[in-house]
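This briefing goes through one protein chain by topic. Please keep the sequence and the structure at hand while reading.

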Amino acid sequence: MSDFKPLDPLLHSQLRLAIMSLLLSVKSAEFTFIKEKTEATAGNLSVQLDKLSSAGYIEIEKSFRDKKPLTTCKITKKGVSAFEAYVSALKDYLN
């Protein structure tokens, strides 16, 4: 079993994996869109986005639209690499 690459614990969370998968398919996504697609609570989503941002996997931009706060997220190159490595390691486990 030691031939297997360890799975990235940061990505081995259902919600964080869903966020990363979603961000891979779009240029960027607003908080409300991610919340809707993942069916996460605002509080939990916020915590998970902070974890991914702290790891450098995503960038979070905060701004305003019509005087309302707007949070936009996008995946980084580091995030894409980490996601691809995670999928590759997962495939190794399955084969």
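The model is predicted. Its largest nonpolar core has 22 residues, and the structure holds 3 salt bridges. Helices H1 and H4 pack at an angle of about 115°.

**Nonpolar core**

- Within the largest nonpolar core, which counts 22 residues, those with the most contacts are Ile19, Met20, Leu23, Ile34, Leu52 and Tyr57.
- Two or more residues of this core come from each of helix H1 (14-24), helix H2 (31-38), helix H3 (42-54), strand S3 (68-75) and helix H4 (77-94).
- H1 gives the most to the core, with 5 residues.
- Leaving aside residues up to four places away in sequence, methionine 20 touches Leu11, Leu52, Tyr57, Ile58, Ile75, Gly79 and Phe83.
- As a general background, nonpolar side chains tend to be buried together in soluble globular proteins.

**Packing of H1 and H4**

- The axes of H1 and H4 lie 11 Å apart, at an angle of about 115°.
- The crossing of these helices, H1 and H4, is left-handed.
- On the H1 side the contact is made by Leu17, Met20, Ser21 and Leu24, and on the H4 side by Gly79, Val80, Phe83 and Tyr86.
- By type, the residues of the contact of H1 with H4 are 6 nonpolar, 2 polar and no charged.

**Salt bridges**

- The structure holds 3 salt bridges, and each is described below.
- Aspartate 92 pairs with lysine 5 in a salt bridge, with 3.6 Å between the closest N and O atoms. Aspartate 92 is in helix H4 and lysine 5 in the segment before H1, so this pair ties together parts that are 87 residues apart in sequence.
- Both partners are partly exposed: aspartate 92 has a relative accessible area of 32%, and lysine 5 has 40%.
- Glutamate 30 forms a salt bridge with arginine 65, where the closest N and O atoms are 2.5 Å apart. Because glutamate 30 lies in strand S1 (residues 29-30) and arginine 65 in strand S2 (residues 58-65), the pair ties together parts that are 35 residues apart in sequence.
- Glutamate 30 is partly exposed at 25% relative accessibility, and arginine 65 is partly exposed at 45%.
- Glutamate 59 and lysine 74 meet through their side chains in a salt bridge, at 3.9 Å from N to O. This pair links strand S2, which holds glutamate 59, with strand S3, which holds lysine 74, across 15 residues.
- Glutamate 59 is partly exposed, with a relative accessible area of 44%, and lysine 74 is partly exposed at 39%.

**Tyrosine 93**

- Tyrosine 93 is found in helix H4 and is partly exposed, with a relative accessible area of 32%.
- The C-alpha atoms of tyrosine 93 and leucine 7 are separated by 9.6 Å, while the two residues are 86 residues apart along the chain.

Methods
Residues are numbered from 1 along each chain as its sequence is written. This is a predicted model: local features need pLDDT of at least 70, side-chain atom pairs count only at pLDDT 80 or more; totals for chains, interfaces and linings use all residues. Side-chain values use heavy atoms; hydrogens and water are left out. A nonpolar core is a set of buried Ala, Val, Leu, Ile, Met, Phe, Trp, Tyr and Cys residues joined through side-chain atoms within 4.5 Å. Buried means under 20% relative accessible area, exposed over 50%, partly exposed in between (1.4 Å probe, protein chains only). Helices (H or I, at least four residues) and strands (E, at least two) are DSSP runs, numbered from the N terminus. Contact means heavy atoms within 4.5 Å. Axes are lines fitted to C-alpha atoms, for helices over the stretch in contact, and angles run from 0 to 180 degrees between N-to-C directions. A crossing is left-handed if the near helix is turned anticlockwise from the far one by less than a right angle, and right-handed if clockwise. Ala, Val, Leu, Ile, Met, Phe, Trp, Tyr, Cys and Pro count as nonpolar, Asp, Glu, Lys and Arg as charged, and the others, Gly among them, as polar. A salt bridge is a side-chain nitrogen of Lys or Arg within 4 Å of a carboxyl oxygen of Asp or Glu.
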